[in-house]
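Please keep the sequence and the coordinates open while reading.

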Amino acid sequence: MSQQYNWENVSKVIKGEVNTLQTEFEHILGQNLLGIYLDGSLALGGFQPARSDINVLAVVDEKIDSSLKRKLVELLLRISNMPRPLEVYILAAKDLFPLHLPLSFELHYNEPSRETLLQELRNDTLQNDTIYVDSRLTISLAVLQRAGIVLSGKPIEETLPVIPEEAFRQALIQSIGEARARLPQDPISFIFNACRTVAYLQE
């Protein structure tokens, strides 16, 4: 099995990609940026340089307009996969308190969305008035509360709501069901996530 890493012992190249993202977000978002947080395998441990994504979540005070969204998408398209794929969510504080599930977000970037985002940039059709929601954010926020790493800004407990335990459990079970439906495309991720979920529920 490939060697696994966390934020403390991962290579300088991986840290460089994360640090570039942090610096550019701070430059683009300025005082609107409340915090940038690392979650996923780099925070929990288990990061594999050959196959893992880098998971980052940012919180902004005010919703982002279309010009900012364009700058952020251009940035993410440029630095993702240099050398590892990024998965980034940007959330607005106004959508987090009071807590409503599933959570909404301002922007989501991952490599499967690359071509769609490139096409929207070319056609100037990036939307900033559409409400997007994602049930997986329930898991991300619960993980951040337990093991997230503050890269910049306020402590996690000041910017992100606490996810109720029952909501976290239900989101885990739902996630495994969705992953099972994609089993032929990504069996390794399904096995890893299923093992983590079973271990957590048993404990």
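P102 sits in the loop between β3 and β4, where helices (H or I, at least four residues) and strands (E, at least two) are DSSP runs numbered from the N terminus. The peptide bond joining L101 to P102 is cis, with omega about 0 degrees. P98 also belongs to the loop between β3 and β4 (104–105), and the bond from F97 to P98 is cis with omega near -5 degrees.

The model is predicted, so local features need pLDDT of at least 70 and side-chain atom pairs count only at pLDDT 80 or more, while totals for chains, interfaces and linings use all residues. Residues are numbered from 1 along each chain as its sequence is written, and side-chain values use heavy atoms, with hydrogens and water left out.

**Positive phi**

N81 has a positive phi near 75 degrees and is a residue other than glycine. N81 follows α3 and lies in the loop between α3 and β3. Its relative accessibility is 35%, so N81 counts as partly exposed; the classes are buried under 20% relative accessible area, exposed over 50% and partly exposed in between, with a 1.4 Å probe and protein chains only. D124 is not a glycine either, and its phi is positive at about 55 degrees. D124 is placed in the loop between α4 and β6. With 61% relative accessibility, D124 counts as exposed.

Helix α3 (residues 66–79) has 14 residues, which at 1.5 Å a residue should span 20 Å, and its end C-alpha atoms are 20 Å apart, in agreement. The expected span is 1.5 Å times one less than the number of residues. The buried residues in α3 are L68, K69, L72, V73, L75, L76, L77 and I79. They pack against α1 (12–29), β3 (86–92), β5 (107–109), α4 (114–123) and β6 (132–133). An α-helix has 3.6 residues a turn, so residues three or four places apart point the same way.

Axes are lines fitted to C-alpha atoms, for helices over the stretch in contact, and angles run from 0 to 180 degrees between N-to-C directions.

| Helix pair | Crossing angle | Axis separation |
|---|---|---|
| α1 and α3 | about 165 degrees | 11 Å |
| α3 and α4 | about 135 degrees | 11 Å |
| α5 and α7 | roughly 125 degrees | within 9 Å |

Angles under 35 degrees count as roughly parallel, over 145 as roughly antiparallel, 65 to 115 as roughly perpendicular and the rest as oblique. α1 and α3 are therefore roughly antiparallel to each other. The crossing of α1 and α3 is right-handed; a crossing is left-handed if the near helix is turned anticlockwise from the far one by less than a right angle, and right-handed if clockwise. On the α1 side, E17, T20, L21, E24, F25, I28 and L29 meet L68, K71, L72, L75, L76, R78 and I79 of α3, contact meaning heavy atoms within 4.5 Å. The residues of this contact divide into 9 nonpolar, 1 polar and 4 charged. Here Ala, Val, Leu, Ile, Met, Phe, Trp, Tyr, Cys and Pro count as nonpolar, Asp, Glu, Lys and Arg as charged, and the others, Gly among them, as polar.

For α3 and α4, the angle of about 135 degrees makes α3 oblique to α4. Their crossing is left-handed. R70, V73, E74, L76 and L77 of α3 meet R114, L117, L118 and L121 of α4, a contact with 6 nonpolar, no polar and 3 charged residues.

**Helix α5**

α5 (residues 136–147) and α7 (residues 165–181) cross at roughly 125 degrees, which makes α5 oblique to α7. The crossing of α5 and α7 is left-handed. T138, I139, A142 and R146 of α5 make the contact with E165, A167, F168, A171, L172 and S175 of α7. By class, the residues of this contact are 6 nonpolar, 2 polar and 2 charged.

L137 is also found in helix α5. Is L137 buried or exposed? L137 is buried, with a relative accessible area of 0%. Apart from neighbours within four places in sequence, L137 is in contact with L57, Y89, L91, L103, S104 and F105. L137 and E62 are 75 residues apart along the chain, and their C-alpha atoms are separated by 19 Å.
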